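Subject: Structure for you to look at

Hello,

Here is the structure I said I would pass on.

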Amino acid sequence: MTVPILKQGDHLIASVQSALSDAELTDFADELAERVGRFRSRGVVIDVSAVDLLDSFATRTLRTIALVSRLRGAEAVIVGIQPDVAFAMVQLGLSFEGVTTALDLEEGLAYLRRPKEGDLGVR
Amino acid sequence: MSDDVRVAVAAESDVLAARQEGRRLAAAAGFSGSDLTIIATAISEVARNIVHYATRGEILLRVAHLDGRPGIVVVARDEGPGIPDLEQALQDGYSTGGGLGLGLPGARRLMDELEVVTELGRGTTVTMRKWTA
C-alpha cells in the first residue's frame, strides 16, 4: 500500500508519502473511504508532512478525500503542510477550503478528540 | 541551446520527472528554500496542462541571467489543439478541462514572467522565467 493507513481507536491516521502518482492518490481515496466504513471510524488524520509539493490536482484530490470522509461520518483533518508547500499553494491560489488543517499529527489528533456538543457532560 | 534540459511529457509520471529536474536546475541556478518549491509547482501546473490538453509535449529547462542575476527559464511546448481564448485561459477559475482553472494564472503568480504563444490546431508554448533575488 502506498499510503499506510493506521487504525488508532476511533481514528484513522494516513501518512501520504512524497511524490505520489495521481493513480496512487486515487487508490488512497478509495481505500480510505472503505476503511472509514469497515472500522466505523469517527475521525481521520491525513498527514502530508512528507509531501514536498502540492499542485492544483493533488490539492483538489486531498480536499475531496477529506470531504468524502466527512460524508461517511468521519471528521477529517489534514496535517503537516510544510512551510514551503504552504507558500506555493497560497501563491497558486489554492486552499483546503472547508477542510480543517492542523500543524502536525499531535494537533490533529487533539482536534479530533476535543469534547464535542452532544458528548456526555458537554453542553 | 545545447545546455537545455529536456523532459518529454506524455504521461503523468513525466510531470513528476519535469518538476524534479526543475527543482534540481533551480538549485544549481542559486535558488533555495521556498523558491525551489514555487518553481517546481509552476512546472507541475504547465506540465499537467500538456498531458491534459495536448497529450504530449516537452518541458525545456535552462539557467539564464538577467543583469547578472541568475535565474531559470522554463519552456512548456506542445503541438496540441491550442488555446481558443487565451485571455480567458489566463484568468482565475476558467477551465475547459474540468480542473480548477488555476494552471496558467497560478503559474504566472508563482513565476516572475509568463508568456503564452498559441495557435489553434498548431500548439501552445508557455515560457516562464524567475530570477534570483
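Predicted model: local features only at pLDDT ≥ 70, side-chain atom pairs only at ≥ 80, totals over all residues.

The contact between the chains

Chain B puts 22 residues into the contact, and chain A puts in 19 residues. About 1,800 Å² is buried between chain B and chain A, and carbon and sulfur atoms give 55% of that area.

Between chain B and chain A there are 4 salt bridges. One of the salt bridges has the side chain of D22(A) meeting that of R48(B), at 2.8 Å from N to O. The count of residue pairs in polar contact between chain B and chain A, both at pLDDT 80 or more, is 8.

On the side of chain B that touches chain A, at least two residues come from each of α1 (12-29), α2 (34-54) and α4 (103-110) of chain B. The most comes from α2(B), which gives 8 residues to that side. Sorted by class, the side of chain B that touches chain A holds 9 polar, 7 nonpolar and 6 charged residues.

The hairpin in chain A

In chain A, strand β1 (residues 5-8) and strand β2 (residues 11-15) run antiparallel and are joined by 4 bridges. Opposite K7(A) stands L12(A), a residue of β2(A). The hairpin of β1(A) and β2(A) has 2 residues between the strands, and in this hairpin G9(A) takes a positive phi near 60°.

Regards

Methods:
Residues numbered from 1 in each chain as written. Chains lettered and ligands numbered in written order. Heavy atoms only, no water. Contact = heavy atoms within 4.5 Å. Buried area = accessible area lost by both parts, 1.4 Å probe. Polar contact = N/O pair within 3.5 Å; in protein donor to acceptor, adjacent residues only side chain to side chain. Nonpolar A, V, L, I, M, F, W, Y, C, P; charged D, E, K, R; others polar. Pairing = 2+ DSSP bridges.
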